Amino acid sequence: MSDSTELVYTPLVEIPQIHATLKKNFKAGKLRSIEARKTQILQLAYLIQDNYDRFKESFAADLGRSSLETAFLDLDSTISDCKIAYDRVDKWARTEKAPFNINFVGFSPVIRKEPKGVVLSISPFNYPVWLSLGPMIGAIAAGNCFVLKPSELSPATSGLIAELVPKYMDPDVVRIVLGAVPETTKLLELPWDHILYTGSGRVAKIVCAAAANTLSPVSLELGGKSPVVIDPKCDLKTAAKRIMWGKCANAGQTCVAPDYILVPEEAQDTVIQALKEVHDEFYPSGSVASPDLGRIVNKAHFARIKGLLDKTSGTIAFGGQTDESKLFIAPTVVRGVKGDDSLMSEELFGPILPIVPVKDLDAAIEFINARDHPLALYVFSQDASFKAKVFDNTQSGSAVANDTLVHCAADGLPFGGIGASGSGYHARKFTFDMFTHLRSSLDSPSWMDRILGSRFPPYSVSCSLRKTCYGTKHLSQ
């Protein structure tokens, strides 16, 4: 949507200077106190709240998003995350006592919650507030200095973030770097105390290879092909509504969007009919005219998705309309798709929903397990044994029954992948944990040597002391 919008990229020469400045400021303890962290978190919430309408406009420019969808999926959830962090950071950062152990109680063992240092987040275009500012919240709550490299593919929103952050946040602790490949390459030449990359597996390999040169730890959120397993006996009306919403939200450009459906062959027509009815309810005047369906981010992504659809051996059940001039792709269901189809070759990241007919549940599980572990796995069934069989015999970042997408916003749940869909966990406290060093600590008093003096040589004497202090039976254990 925003091919015509241009960003002013950060000069390459400034990037090492930004890194060095934040390193210096971190060592100076700019965010050492909890109060300093809370001040920045509160400012971030005001940044969004004060500029709510401007963000709605930037999302419309970048993604053709409706204002309600922008509010629900990005803005309100990020403000909520700010409030959660503000209210709970004292508890999150509190030094934690180790479990009681009679042998070590005298050492006062504890776990200190300490910031890692200066961290980098490379965020994607599809949720340019929640996936950009969400990591910022957790990093600041943990006491880190933070560099954000937002996506150049959402220039209106990335530009707005770059404009507002220096006005609301302390530039001594938070900086924005705008750019594309050269700027990201320059960032990755530097040593970071943690890197969070959200995007494709292809780029993740480049990020990890670069990070290995500086031994910078990396967390990855990579998406993948998230399957939907449908029990034909489920509440199909509700299932179809929630699947279509998950597929059409943000025009399918969601890392946990339902990517394809697995259903018994004999139920394929029934499922398609239910999806069609919901589609017509969502877009009564047609999806082309609907203000509630977003657009593909740019021409390159449009061409990729359309190319996959053009090459499919499946049959379009409904939808299929495209318009490059408007970056529009209609919600499209494709029936009779096989495992080697073009639509199964990569994550779709668009409003295309393939239906893969299978013999039975065992075949569906086998189909899932023959591929990379997905970021999310969805099951629609009211049968507890059906759900348990799928979840117990597969691996995925998340396992969700009878809904889509909403698990990302559930307070207390981690968001992260496994295998090719990512590594590490974030969202709210889990973002705090990701950017926190758990530093083990104890304090050994002098009198402890009366009990543990047997650890010192000469061991011939120590052995008799150990028997005296602990007993032969204890030593044999």
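This is a predicted model: local features need pLDDT of at least 70, side-chain atom pairs count only at pLDDT 80 or more; totals for chains, interfaces and linings use all residues.
Residues are numbered from 1 along each chain as its sequence is written. Local features need pLDDT of at least 70, side-chain atom pairs count only at pLDDT 80 or more, and totals for chains, interfaces and linings use all residues, while side-chain values use heavy atoms, with hydrogens and water left out.

**Stop 1**

Select Asp81, Gly134, Ala427, Arg428 and Thr431. Of the 13 residues that line the largest cavity, these are the closest to its centre. A cavity is a set of points on a 1 Å grid, over the protein atoms alone, where a 1.4 Å probe fits but cannot get out; lining residues have an atom within 4 Å of a point. The largest cavity has a volume of about 100 Å³, the volume being the space filled by probe spheres set on the points.

Now colour helix H5 (130–141), which supplies six residues, the largest share of the lining. Helices (H or I, at least four residues) and strands (E, at least two) are DSSP runs, numbered from the N terminus.

**Stop 2: salt bridges**

A salt bridge is a side-chain nitrogen of Lys or Arg within 4 Å of a carboxyl oxygen of Asp or Glu. The structure holds 24 of them.

Select Lys23 and Asp193, whose side chains meet in a salt bridge (3.0 Å, N to O). Lys23 is in helix H1 (residues 14–27), and Asp193 is in the loop between helix H7 (181–188) and strand S6 (194–198), 170 residues apart.

Next, select Arg335 and Asp269, a salt bridge with its closest N and O atoms 2.6 Å apart. Arg335 lies in strand S13 (residues 332–335) and Asp269 in helix H10 (residues 268–282), so the pair ties together parts that are 66 residues apart in sequence.

Then go to helix H11 (residues 299–310), where Asp310 and Lys306 lie four residues apart, about one turn of the helix. The closest N and O atoms of their salt bridge are 2.9 Å apart. Is Asp310 buried or exposed? Asp310 is exposed, with a relative accessible area of 52%. Buried means under 20% relative accessible area, exposed over 50%, and partly exposed in between (1.4 Å probe, protein chains only). Lys306 counts as partly exposed because its relative accessibility is 27%.

**Stop 3: the loop**

Finish at Ile102, in the loop between strand S1 (96–97) and strand S2 (110–115). Ile102 counts as exposed because its relative accessibility is 62%.

Terms used:
On a 1 Å grid over the protein atoms alone, a cavity is a set of points where a 1.4 Å probe fits but cannot get out, and a pocket is an open set with protein on both sides within 12 Å along at least five of seven lines; lining residues have an atom within 4 Å of a point.
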